[in-house]
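Hi,

Here is the structure I promised to pass on. Please have a look, then read my notes below.

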Amino acid sequence: MERKTPPPTKVRLRRKRTDIRQALLESALVEFGAKGFDGASTRAIASRVEAHQPQINYHFESKTALWTAAVDHLFGLLGEAFDGVIPANPTAIDVPALAVAFADGIRRFVAFAAKHPELNQIMVHEGTAASDRLTWMTKTHVKPFFDGIRVMWQILRDAGVAAPIDSEIFYYVLIGAASLPYVNAPEVRLLTGRDPKDPNWIDTHADGLVAILLPGIGSASDQRGGSHS
């Protein structure tokens, strides 16, 4: 008598704790970016990555702790994207080299904003009202970034390379101009018929911002080339 082969047993692979934690962080960024802290649902955050809500409390203790960890993670990614771009002492670098580095930084920031629109979303949600979260985020993450690029911008502005925009106002010009097409991606698609996530769009966008913000970069490069002739 022929024996029937038993059906294969389904094995459910258990994700490592670090994998679950990472997945929850990435899901939290999407949820907090879309709905803000108050509107975000921990149940939705867990459900998006097929986790259980109690796992959030296990890994993060509370919704606030999850938000803090997610923002830490997001700015950590931003720091990795800018690795080697912002010099420790911008005054020690010649203007042409600083201009090239700053242009590279603009392009990297546009690429980051395209990949992580939740950065701008979270900053807008938190920036509209005073809170402990805003104070912590500004002091811990935003202010160091702001201070780093402001010094570079002022040097380039004084040298006539950068557009004549106040260094403090420039920060908001850069953040808004670099981020808006990706935050408003559905509108961009309806309005232009183009996909802002397309690499060609991102490159063209970045080149346009460099041209607007650093109108003298070509002259600076010529000066550097001329100094070696």
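Does Glu-126 count as buried or exposed? Glu-126 counts as buried, because its relative accessibility is 3%. Buried means under 20% relative accessible area and exposed over 50%, with partly exposed in between (1.4 Å probe, protein chains only).

Some ground rules. This is a predicted model: local features need pLDDT of at least 70, side-chain atom pairs count only at pLDDT 80 or more, and totals for chains, interfaces and linings use all residues. Numbering runs from 1 along each chain as its sequence is written, and side-chain values use heavy atoms, without hydrogens and water.

Back to Glu-126. It sits in helix H6 (residues 118-127). Helices are DSSP runs (H or I, at least four residues), numbered from the N terminus. Neighbours within four places in sequence aside, Glu-126 is in contact (heavy atoms within 4.5 Å) with Phe-37, Trp-67, Ser-131, Arg-133, Leu-134 and Met-137.

Next, helix H5 (residues 95-115). H5 has 21 residues and reaches 30 Å from first C-alpha to last. That is close to the 30 Å expected at 1.5 Å a residue, taken as 1.5 Å times one less than the number of residues. Its buried residues include Phe-102, Ile-106 and Phe-109.

Last, H8 (residues 167-183) and H9 (residues 185-192). They pack at about 80 degrees, with axes 5 Å apart. Axes are lines fitted to C-alpha atoms over the stretch in contact, and angles run from 0 to 180 degrees between N-to-C directions. Pro-181, Tyr-182 and Val-183 in H8 meet Ala-185, Pro-186 and Val-188 in H9.

Best wishes

Conventions
Helix = DSSP H or I, 4+ residues; strand = E, 2+ residues; numbered from the N terminus.
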